[in-house]
Amino acid sequence: MRTSSVAEEAAANEVEIRKQAVCNSPRGIEVALLTGCQDRHYAFGLATSLASKDVFVDIIGSDEIDSPEFHVAPNLRFLSFRGSQGNRASLCRKVSKLLVYYAKLVRYVGRSRPKILHILWNYKLEQFERTILMVYYKVMRKRVALTAHNVNQARRDGNDSWFNRLTLRIQYRLCDHMFVHTQKMKDELRQEFGVAEGAVTVIPYPVNNAFPDTELTPNEAKRRLGIQEEEKAILFFGRIVPYKGIEYLLEACRLLVADKQVKYRLIIAGEPKKEAQEYCRGIERTVANSFAQGEIILKMQFIPDDEMELYFKAADVTVLSYTEVFQSGVLFLAYSFGLPVIVSDVGSFRDDIISGETGLVCKPCDANGLADAIETYFASDLFRNLDQHRPRIRDYANARNSWGVVGQLTRDVYVELSGT
């Protein structure tokens with residue numbers, strides 16, 4: 001035990017020495033990633049990719065964003081301004097930690113070496129960050145990049161307002177450069193918010209590489225979830241909110257299970273958003289009233305990273321029955337497991353599906369059409385020879401959506417912003 005402790009201490013000292021050497025050496029491109037204390041997978045992928053391309057990165061976030069890899073690479077530095085985000089803290093404690101976070105961020109921006117701030121997400125006080133904080137960044141002569149994962153999330157969620165659009169316009173116009181995931185998103189930025197053509201770069205949504213991928217086999221994953229060999233497993237995975245269209249998937253599955261000759265099993269796994277409580281209760285009522293016990297595996301809860309592969313390996317197909325979206329990371333998460341995807345024809349989903357090879361596209365908000373697409377998939381060569389198609393799907397995603405590709409495109413923009 002003592003030998004192990006000494007070895008760990010020596011390894012930690014070696015990392016610290018390497019980091020100190022880097023700090024004392026001439027610096028190249030330096031950037032601060034403002035994570036908004038969310039989306040650990042994206043922050044992990046981008047930071048580690050940039051580090052591999054000789055970019056020096058300060059990662060600003062909370063304890064939940066932290067990863068061991070951030071403390072090994074000599075050109076990565078993790079700063080937990082928020083600390084732990086436990087939900088059981090009192091309101092006074094939460095407000096105090098929120099103010100401390102912003103105080104640390106303001107102080108950091110005023111004193112830090114990186115001249116480029118890359119905002120991955122705003123944090124809690126959206127309107128404050130879009131306006132006053134953006135002006136502060138510019139006063140401090142920082143170059144600001146922003147990844148807009150959603151151009152106008154409030155419009156998508158049905159609670160848009162003139163004030164929301166105004167603050168979005170201010171933030172977008174104050175940015176020096178923006179990243180979006182589709183051409184449609186770029187077009188909306190230009191048409192709705194007046195962002196210049198040259199100020200926006202389209203980057204593919206990258207494959208999630210922040211989760212474990214063990215030797216767990218599909219057969220073993222099915223066994224763990226209680227899915228029989230003859231059952232056809234359909235997966236919905238991700239945050240549960242109204243625009244995901246789960247009600248259409250449930251109706252499609254209700255139509256499918258009426259055919260007693262084929263056994264289907266639907267898995268719904270994901271964490272409900274707080275604002276979607278009534279929507280989630282509706283899902284629970286539908287499952288209870290329209291399906292026999294065991295036909296639906298309902299896991300409406302947070303799914304830890306180390307459990308993700310269980311669901312994707314147990315499934316025969318992932319279904320994204322969204323009613324509105326630009327892009328979804330779940331599609332590429334499924335691809336990373338070599339799993340085909342059936343998507344509704346919204347946003348840019350069609351651009352990322354090779355029909356019959358990586359999945360199928362169907363009409364949105366149409367349960368009958370979705371049921372037909374699911375039946376078509378399970379009668380196809382893609383399903384019958386899924387084991388042979390899985391590596392091709394993974395290769396397809398890695399060629400177009402790897403972090404290597406995204407990291408290089410991002411670094412190129414940094415070079416322009418820094419003038420080096």
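Student: What makes the pair aspartate 213 and lysine 313 a salt bridge?
Tutor: A salt bridge needs a side-chain nitrogen of Lys or Arg within 4 Å of a carboxyl oxygen of Asp or Glu. Here the N to O distance is 2.9 Å, so the pair qualifies. Aspartate 213 sits in the loop between β7 (200-202) and α8 (218-225) and lysine 313 in helix α11 (residues 305-314), so parts 100 residues apart in sequence are tied together. Helices (H or I, at least four residues) and strands (E, at least two) are DSSP runs, numbered from the N terminus.
Tutor: A word on the basis: this is a predicted model, where local features need pLDDT of at least 70 and side-chain atom pairs pLDDT 80 or more, while totals for chains, interfaces and linings use all residues. Residues are numbered from 1 along each chain as its sequence is written, and side-chain values use heavy atoms, leaving out hydrogens and water.

Student: Why is lysine 313 called buried?
Tutor: Buried means under 20% relative accessible area, exposed over 50%, partly exposed in between (1.4 Å probe, protein chains only). Lysine 313 has 10%, so it is buried. Aspartate 213, at 47%, counts as partly exposed.

Student: How do you know that lysine 222 and aspartate 316 form a salt bridge?
Tutor: Their closest N and O atoms are 3.2 Å apart, so they meet the cut-off. Both lysine 222 and aspartate 316 are buried.

Student: What about glutamate 251 and arginine 254?
Tutor: Their closest N and O atoms are 2.7 Å apart, again a salt bridge. Both lie in helix α9 (residues 246-257), about one turn apart.
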